[in-house]
Amino acid sequence: MTPLELIQAAGPVLWAILALSLYVVYTFFLHLQALLRLGRDSRLLLTRVHASIMHGDLAGALREVRRERSAVANVLRAGLERAEVGGIEAALNEAVQYEEARLFRPLGSLGTAAQIGPLLGLLGTVIGMIRSFLVFAQSPNPTPTQLSTGISEALVNTAAGLIVAIVAYLARNYLRNRAESVLLETDRVREALPAWLAEAQLRREGHLRGAPAPLYEPDQVETIHSKEGA
């Protein structure tokens with residue numbers, strides 16, 4: 001039996017399962033693209049922002065973060081915009097919460113799809129078994145060919161529902177792991193930015209001497225810069 005014949009034998013419920021599978025694939029790639037944009041490597045940006053802050057150039061630091069649209073850049077921008085007027089911690093917390101919502105909101109739809117898939121498959125199974133039993137009502141001695149239609153519908157829907165559920169579950173976990181890594185970077189920035197501003201203030205007041213320690217080794221930053229320029 002060809003795949004087209006299987007689809008035709010599976011009944012109308014399979015079309016709903018196929019539509020659900022397309023939705024899962026669409027949601028996965030759409031959110032993956034967003035995560036790749038929001039989760040860009042931030043080491044080069046942090047190095048530039050840190051250097052600008054240590055030199056007392058908050059305007060320069062703001063120019064750096066406004067060039068990017070990553071999650072880390074968004075959190076930095078929220079904090080730097082409040083650096084001179086106060087309320088920086090509240091702004092940072094609000095920005096992190098906003099980024100967290102953007103990172104994790106689409107995952108709920110994939111979790112729902114993982115739950116609906118087996119239910120649709122079970123519905124198709126029940127319908128297929130009902131059709132098989134109706135054959136007995138119409139014919140006291142049904143042939144295997146007469147019974148195969150309902151049984152095929154039941155089994156194909158069960159398999160399709162489980163496949164969609166497995167794919168949705170794996171996609172959700174993969175995206176959740178990537179989202180958690182991006183959120184971890186925003187949390188680090190939320191903790192680091194007030195410390196950078198405090199250190200810069202102490203240096204301006206002459207309480208700290210010497211050059212500030214670099215955030216990353218020069219070769220690491222140069223490697224990132226080379227990749228972005230490629």
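Reply: Of the 230 residues in the protein chain, buried ones make up 39%. The model is a predicted one. The chain has nine helices and zero strands. Read from the N terminus, its elements run α-α-α-α-α-α-α-α-α. Now look at contacts between residues at least 6 apart in sequence. Of these, 74% join residues at least 24 apart.

Now zoom in on helix α3. It covers residues 43–54. Two partners matter here: helix α4, residues 58–66, and helix α5, residues 71–80.

Take α4 to begin with. The axes of α3 and α4 come within 7 Å. They cross at roughly 165 degrees. An angle over 145 degrees counts as roughly antiparallel. The two helices, α3 and α4, are therefore roughly antiparallel to each other. Their crossing is left-handed. Which residues make the contact? On the α3 side they are Leu45, Arg48, Val49, Ser52 and Ile53. On the α4 side they are Leu58, Gly60, Ala61, Glu64 and Val65.

Next comes α5. The axes of α3 and α5 come within 11 Å and cross at roughly 15 degrees. Angles under 35 degrees count as roughly parallel. So α3 and α5 are roughly parallel to each other. This crossing, of α3 and α5, is left-handed. From α3, the contact uses Leu45, Leu46, Val49 and Ile53. From α5, it uses Val72, Ala73, Leu76 and Leu80.

Which of its residues are buried? They are Ile88, Ala91, Leu92, Ala95, Val96, Glu99 and Leu103. Look down the axis of α6: these buried residues fall within an arc of 130 degrees, so they line one face of the helix. On the other side of α6, Ala90, Glu94, Gln97 and Tyr98 are exposed.

How values were computed:
Residues numbered from 1 in each chain as written. Predicted model: local features only at pLDDT ≥ 70, side-chain atom pairs only at ≥ 80, totals over all residues. Heavy atoms only, no water. Buried < 20%, exposed > 50% of the residue type's maximum accessible area, 1.4 Å probe, protein only. Helix = DSSP H or I, 4+ residues; strand = E, 2+ residues; numbered from the N terminus. Arc of directions from axis to C-beta. Axes fitted to C-alpha atoms, helices over the stretch in contact; angles between N-to-C directions. Parallel < 35°, antiparallel > 145°, perpendicular 65-115°, else oblique. Left-handed = near helix turned anticlockwise from the far one by under 90°. Contact = heavy atoms within 4.5 Å.
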